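Visitor: Hi there, could you walk me through this model? I'd like to ask things as they come up.

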Amino acid sequence: MFLLTYVTPEKKVVSDLEVDQVTVPAYRGQLTLLPGHAPLISTLGVGLIKYRPKGKSEEITSLVSWGYCEVNPTGVNILAETAESLEEIDRERAENDARMMQKKLTEPNLEPNQIMKYQRKLQKALARIEASKNV
Amino acid sequence: MANLKDIRLRIGSVKSTQQITRAMKMVSAAKLRKAQHNIVSLRPYAKKLLEVIADIALSKHIHHPLLSSSVDSKKELLVVLSSDRGLCGGFNSNINKFAHKIYLEKANVSDKVDLILIGRKSFDYFKARKVNCKEAVFNLAKEVSYDYAAKIAQRLMEDFSEGGYDSVKFIYNEFKSAIAQEIVCEQIFPIDLSRTSFSETGNNSRFSEELIFEPQPEFMLDGLLKQHFAIQVYRCLSESVAAEHGARMSAMENATKNAAEMIRSLTLTYNKLRQASITTELIEITSGAEALKG
């Protein structure tokens, strides 16, 4: 038994789905989880989540941004801030966002939390562009 | 007795009012569905999040200011959730009365009670009673989004740590069903893990001591708690909005029914009056004819 629960505040992506393996963008980079993994709690960055439902050969991919990932003996819980399927991504918009954020980050006299906000947005836009290449 | 023309006008105006109330009912029903969907979809997230927090806190025995549970709180912050607009039955007056009562009770016992009012209706209520609030937030219903809730939660958390409050409580209408709301007073900060079901079921034994943390648990717990409070605030807001639409829906349903009843009785009076005037005219004509004959 290796169950994946993948939720965001605004929707439930999957709940208690039996999977063979899950790949998440964890704190120290891409992390592939297989049944029997040691208990772990990690933060998530921005990136792709891939999971393969049991008995299927195709992987399902979606874009995730920030959140938490918990591995316990029964499975994986992913608590993400946002989750987008690859079809939802608007590449043009992401490219615009990335350009705008890059421009904003060069402005003088930014407050620390502003810088953080822009960097997060930039990161997300870049991840979206990267993800759209995979389609 | 009113004349025929007056009654006709009256029937017309009641009819148009009925149309408005019926439309409002439809709108509320649609909004209610959306708000209900919000609540249902965030429940699994909220549940899992609390599980993770409990896992960390219980396995590492971490103490955090937002996790400790002081029994008697002396300084409290009350957050009252009402709506911006009326026409929703007893929704706002009930919550205001309840909040006022609690406020007065607490003011007697506690050292300090402050109010944060969300929604124009409670702001007006407390202003009329010369009760000062710390802060008021309007125009909520339009933008109940997670981002917005997260901002409010952030502010509350700052207030909590800077204002030296012992607890933060939310007073809001909990959504029971489309026709029923229940007023609840719920403690949001700090969370009391001993009251959650996890410690009862012994769920903390799920993990051995060798739980891997990336990065450090202390650092992560902070973020998790922030997330948790944002979710709690979001849930309360969604509940309140759903309850508001439910209350408005049933209020408008009643209004539509009352209007139908009124139209019926006015039409009856109108017909009676019309017949009476026809009869009078006939009598006049016949008696005139009789007089001429004679």
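Visitor: How many residues does the contact take from chain B and from chain A?

Guide: The contact takes 22 residues from chain B and 23 residues from chain A. Two residues count as in contact if their C-beta atoms, placed from the backbone, lie within 7 Å. Please keep in mind that this is a predicted model, in which local features need pLDDT of at least 70, side-chain atom pairs count only at pLDDT 80 or more, and totals for chains, interfaces and linings use all residues. Residues are numbered from 1 along each chain as its sequence is written, with chains lettered from A and ligands numbered from 1 in the order in which they are written.

Visitor: Which elements of chain B supply at least two residues of the side that touches chain A?

Guide: Those are helix H1 (4-60), strand E6 (212-214) and helix H6 (217-293) of chain B. Helices (H or I, at least four residues) and strands (E, at least two) are DSSP runs, numbered from the N terminus. H1(B) gives the most to that side of chain B, with 8 residues.

Visitor: And how do the residues of that side of chain B divide?

Guide: On the side of chain B that touches chain A there are 16 nonpolar, 3 polar and 3 charged residues. Here Ala, Val, Leu, Ile, Met, Phe, Trp, Tyr, Cys and Pro count as nonpolar, Asp, Glu, Lys and Arg as charged, and the others, Gly among them, as polar.

Visitor: Which strand of chain A is joined to E6(B), and do they run parallel or antiparallel?

Guide: Strand E4 (residues 40-53) of chain A is joined to E6(B) by 3 bridges, and the two run parallel. Strands pair if DSSP finds at least two bridges between them. A:Ser42 stands opposite B:Glu214 in E6(B).

Visitor: What about H2(B) and H3(B), how do they pack?

Guide: Helix H2 (residues 91-109) and helix H3 (residues 120-128) of chain B pack at an angle of about 50°, with their axes 10 Å apart. They are therefore oblique to each other; angles under 35 degrees count as roughly parallel, over 145 as roughly antiparallel, 65 to 115 as roughly perpendicular and the rest as oblique. B:Asn92, B:Ile95, B:Asn96 and B:Ala99 of H2(B) make the contact with B:Lys121, B:Ser122 and B:Tyr125 of H3(B).

Visitor: Last one: what joins E4(B) to E5(B)?

Guide: A hairpin does, through 2 residues. Strand E4 (residues 167-177) and strand E5 (residues 180-189) of chain B run antiparallel, joined by 9 bridges. The bridge partner of B:Ser177 is B:Ala180 in E5(B).

Note on methods
Axes are lines fitted to C-alpha atoms, for helices over the stretch in contact, and angles run from 0 to 180 degrees between N-to-C directions.
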